[in-house]
Amino acid sequence: MNVDGKPYRTIWLADDGRAVEIIDQTKLPFELVTLRLESCEDAATAIRDMWVRGAPLIGATAAYGMALAMQGDPSDRNVVAAAERLMETRPTAVNLRWAIDEMRSLLEPVSPNARSKVAYIRAAEICDEDVAICRHIGINGLPLIIEAAKGKPVGAAVNILTHCNAGWLAAVDWGTAMAPIYAAHNEGIMVHVWVDETRPRNQGSSLTAWELGQHGVAHSVIVDNAGGHLMQHGEVDMVITG
């Protein structure tokens, strides 16, 4: 998705091919700050302190955390230690456990000398796979918005209510529940998003509204309890949420 007209992912390999860079989501929406992760501990901190949020992005960060761990110490002992350190950051996160198990099962049979290269390749693949999955959520959800648009007066937008953040900031790109909205916008369909603020962490007002605005999608932030009022008055055509 775009930020100031420039396409971004939420996590990417640095120019040196070793470190990993992320968007610090704790600074949004007031400033765009990118951070450099250079170790497994950095990746663990990013997950634990919510510099990165959202199940898909947490999984991708964990995968790169395992790769970073193999840089300095590709021993059997460190494969286990890195996995355990990353797992304790968000022990209930399904994507986190999946990514760590995926990396462990890949690395353990491999010679220690090859583990760093193999880990970086697989971490990049996990990111690319997530982008493809989310893009296809958008492709599959787009017909629903197209159908809703047919019933609207000429020049009227499809009003979509969403909650929390299930956009590209929660994934590597596109997002999950937000992907159809971006797909519709990119196809030139007029959409307007009612963005629940999503207390207590305000992921809607801080993250969803920011990313929609950066990509040029019309939206309005509303208090969480306003959704029912808008539905009563026919101002919501559909709800898409994570």
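A salt bridge here is a side-chain nitrogen of Lys or Arg within 4 Å of a carboxyl oxygen of Asp or Glu. D196 is buried yet has no such bridge, and that is one of the things to look at in this predicted model. Local features need pLDDT of at least 70 and side-chain atom pairs count only at pLDDT 80 or more, while totals for chains, interfaces and linings use all residues. Residues are numbered from 1 along each chain as its sequence is written, and side-chain values use heavy atoms, with hydrogens and water left out.

- D196 sits in strand 7, residues 191-196 (strands are DSSP runs of E, at least two residues, and helices are runs of H or I, at least four residues, both numbered from the N terminus).
- D196 is buried, meaning under 20% relative accessible area, with exposed being over 50% and partly exposed in between (1.4 Å probe, protein chains only).
- The nearest side chain of opposite charge to D196 is that of R199, 10 Å away; Lys and Arg count as positive and Asp and Glu as negative, with His and the chain ends not counted.
- What does the D196 side chain make a polar contact with? Its partner is the side chain of H163, at 2.9 Å.
- A polar contact is a pair of N or O atoms within 3.5 Å; within protein, one must be able to donate a hydrogen and the other to accept it, and residues adjacent in sequence count only if both atoms are side-chain atoms.
- Leaving aside neighbours within four places in sequence, D196 is in contact (heavy atoms within 4.5 Å) with residues including L161, H163, S205, I222 and D224.

**Nonpolar cores**

- A nonpolar core is a set of buried Ala, Val, Leu, Ile, Met, Phe, Trp, Tyr and Cys residues joined through side-chain atoms within 4.5 Å.
- The largest one has 72 residues, and I11, I145, W168, I181 and V191 touch the most other members.
- Helix 2 (residues 55-72) gives the most to this core, with 11 residues.
- Apart from it lies another core, of six residues, with L161, I222, L230 and V236 among them.
- W168 is in contact with M1, Y8, W174, Y182 and W210, among others, once neighbours within four places in sequence are set aside.

**Helix 6**

- Helix 6 (residues 179-186) is largely enclosed by the rest of the structure, because six of its eight residues are buried.
- Those buried residues are A179, P180, I181, Y182, A183 and A184.
- Their cover includes helix 5 (112-150), strand 6 (158-162), strand 7 and helix 7 (203-215).
- Just after helix 6, G188 takes a positive phi of about 85°.

**Cysteines**

- How many disulfides are there, if a disulfide is a pair of cysteine sulfur atoms within 2.5 Å? The count comes to zero.
- C40 is in no disulfide, and the nearest cysteine sulfur, that of C127, is 15 Å away; C40 is buried, with a relative accessible area of 11%.
- C164 is in no disulfide either, with the nearest cysteine sulfur, that of C134, 15 Å away; C164 is partly exposed, at 28% relative accessible area.

- R85 belongs to helix 3 (residues 76-87), and its side chain is joined to that of E41 by a polar contact of 2.9 Å.
- Setting aside neighbours within four places in sequence, R85 is in contact with E41, A44 and R48.
- L107 is in helix 4 (residues 94-107) and is buried, at 0% relative accessibility.
- Not counting residues up to four places away in sequence, L107 touches M66, M70, R115, V118 and A119.
- L107 and C164 are 57 residues apart in sequence and 35 Å apart in space, C-alpha to C-alpha.

- Most residues other than glycine have a negative phi, and most peptide bonds are trans.
- The L28 to P29 peptide bond is cis, with omega near 10°, and P29 is in the loop between strand 4 (20-23) and strand 5 (34-37).
- The R199 to P200 bond is also cis, with omega near 5°; P200 lies in the loop between strand 7 and helix 7.
- D4, in the loop between strand 1 (2-3) and strand 2 (6-7), has a positive phi near 55° and is exposed, with a relative accessible area of 68%.
- M50 is in the loop between helix 1 (40-48) and helix 2; its phi is positive, about 60°, and at 16% relative accessibility M50 counts as buried.

Notes:
A disulfide is a pair of cysteine sulfur atoms within 2.5 Å.
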